[in-house]
Amino acid sequence: MKFQQFEKKKNQTWTIKDHTQPKLKKPLVLVFGNRYALEKESIYQEVKDLFPDGEIIFGSTAGEIIGGNVLDESITLTAIEFEKSTYSIFRENSLDNDKDAIQIGRKLIKKVPKQGLKHIFIVSEGSFINGSALIEGLETMHDEIAITGGLCGDDSRFEKTLASYNENPKEGEVVLIAFYGESLEISFAQYGGWTPFGPERIITKSEQNILYELDNQPALDLYKKYLGDKAAELPQSALLYPLSVKSKDKKESIVRTILTINEEANAMILAGDVPEGSVVQLMMANIDHIVDGALRAAEIGMENRKNKPELALLVSCIGRKLVMDQRVEEEIEEVMEHIGSQSTIAGFYSYGELAPFSGNVNCELHNQTMTLTLFSE
């Protein structure tokens with residue numbers, strides 16, 4: 001693999017991170033950036049001017065990851081030339097599919113050639129999509145192929161997210177990258193590090209990703225009771241207190257973040273499904289535990305690798321970033337130290353992370369995790 005990385009900080013021009021790299025041929029160009037910066041009408045043309053033969057994917061973020069740095073209000077660009085591997089890119093838009101995430105997933109996976117398929121990476125709109133349903137649709141046809149990726153962000157505004165493929169970023173886009181190659185080695189991992197507290201409760205009324213009742217009481221009322229003064233800051237304050245959800249049909253607990261609230265229905269809309277009968281518990285943050293969680297993700301991702309990774313795509317959660325604040329780069333540093341300095345690192349802070357649990361190939365939607373996908377040719 002060959003790489004070039006650029007940054008574009010607020011009100012500045014593009015700057016290249018490494019001047020020694022040669023010109024790339026037909027690179028995959030991953031552009032992650034602040035939503036306001038990506039709304040600039042010239043942004044696609046600016047990137048196209050840098051890489052005229054590039055395949056360009058945009059995604060808005062809640063923070064950009066490049067090398068060992070976490071940036072805000074910027075745009076980062078990582079261009080990758082695969083020397084022994086190939087990739088194909090496909091897209092669908094939620095607004096063209098009545099926001100039916102299962103249908104979007106099914107449509108996307110039908111487009112993907114299966115011969116030699118090694119891995120799928122998703123960059124999805126993150127404002128209103130049900131990540132669990134998207135995964136369900138994507139997994140209707142795949143054959144033991146792992147899926148990783150993330151839901152785009154909009155800092156802590158939660159107004160709208162943007163994504164695109166070879167055009168200006170727009171709302172509703174879901175972009176799929178399919179990777180192929182005999183020598184291509186891809187590993188992945190996710191880990192959280194949050195601490196459960198308080199009583200366990202049962203979900204007694206829910207519909208997909210909408211939570212209505214816990215122990216036959218309005219879920220939003222109970223949640224506000226626990227938040228106290230922070231209830232006035234919902235939904236942003238919910239990022240600091242996610243829910244641990246243990247479903248009957250799942251071996252592992254998943255973490256769910258509240259995307260928004262519906263005061264009229266006294267309900268909470270979460271980033272993914274919360275099935276009735278699941279056991280729920282509040283979670284809180286310990287910064288050291290969160291940083292340790294990033295290290296654990298790196299350890300899992302490296303466990304069975306034959307080769308050192310050349311590329312690491314990191315998708316971490318906005319909730320982790322808000323909690324760690326000035327210490328946020330510590331989790332990136334932990335990953336870098338464990339996977340090795342030879343890796344080019346890129347990624348973003350998200351509204352939801354996609355990855356299987358360790359030892360599994362079926363994808364799950366996670367919140368509040370550090371997720372990494374490691375590539376070598």
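A search of the whole structure finds one cavity of 30 Å³ or more. This is a predicted model, in which local features need pLDDT of at least 70, side-chain atom pairs count only at pLDDT 80 or more, and totals for chains, interfaces and linings use all residues. Residues are numbered from 1 along each chain as its sequence is written, and side-chain values use heavy atoms, with hydrogens and water left out.

**The cavity**

- The largest cavity has a volume of about 110 Å³. A cavity is a set of points, on a 1 Å grid over the protein atoms alone, where a 1.4 Å probe fits but cannot get out. Grid points are joined across faces, edges and corners, and a volume is the space filled by probe spheres set on the points.
- The cavity is lined by 14 residues, and Arg201, Leu214, Tyr226, Leu243 and Leu282 are the closest to its centre. Lining residues have an atom within 4 Å of a point.
- Strand 14 (195-207), helix 5 (219-227) and strand 21 each give at least two residues to this lining. Helices (H or I, at least four residues) and strands (E, at least two) are DSSP runs, numbered from the N terminus.
- By class, the lining has 11 nonpolar, two polar and one charged residues. Ala, Val, Leu, Ile, Met, Phe, Trp, Tyr, Cys and Pro count as nonpolar, Asp, Glu, Lys and Arg as charged, and the others, Gly among them, as polar.

- The largest pocket has a volume of about 500 Å³. A pocket is an open set of points with protein on both sides within 12 Å along at least five of seven lines.
- Its lining has 20 residues, and Asp249, Lys250, Asn362, Cys363 and Glu364 are the closest to the centre.
- Helix 4 (131-138), strand 18 (254-256) and strand 25 (363-366) each give two or more residues to that lining.
- The lining of the largest pocket holds six nonpolar, five polar and nine charged residues.
- The second largest pocket has about 360 Å³ of space. Of its 19 lining residues, Gln190, Gly192, Glu252, Ser253 and Phe357 lie nearest the centre.

- Two strands pair if DSSP finds at least two bridges between them.
- Strand 22 (residues 311-317) and strand 26 (residues 370-376) run antiparallel and are joined by six bridges. Ser316 has Met370 in strand 26 as its bridge partner.
- Contact means heavy atoms within 4.5 Å. Axes are lines fitted to C-alpha atoms, for helices over the stretch in contact, and angles run from 0 to 180 degrees between N-to-C directions.

- Strand 9 (residues 117-124) and strand 12 (residues 173-180) pair in the antiparallel sense over seven bridges. Ile120 is partnered by Ala178 in strand 12.

- Helix 3 (residues 101-111) and helix 4 pack at an angle of about 35 degrees, and their axes are 6 Å apart.
- Residues of helix 3 in the contact include Ala101, Ile104 and Leu108, and those of helix 4 include Ala133, Leu134 and Leu138.
- The contact divides into eight nonpolar, two polar and two charged residues.
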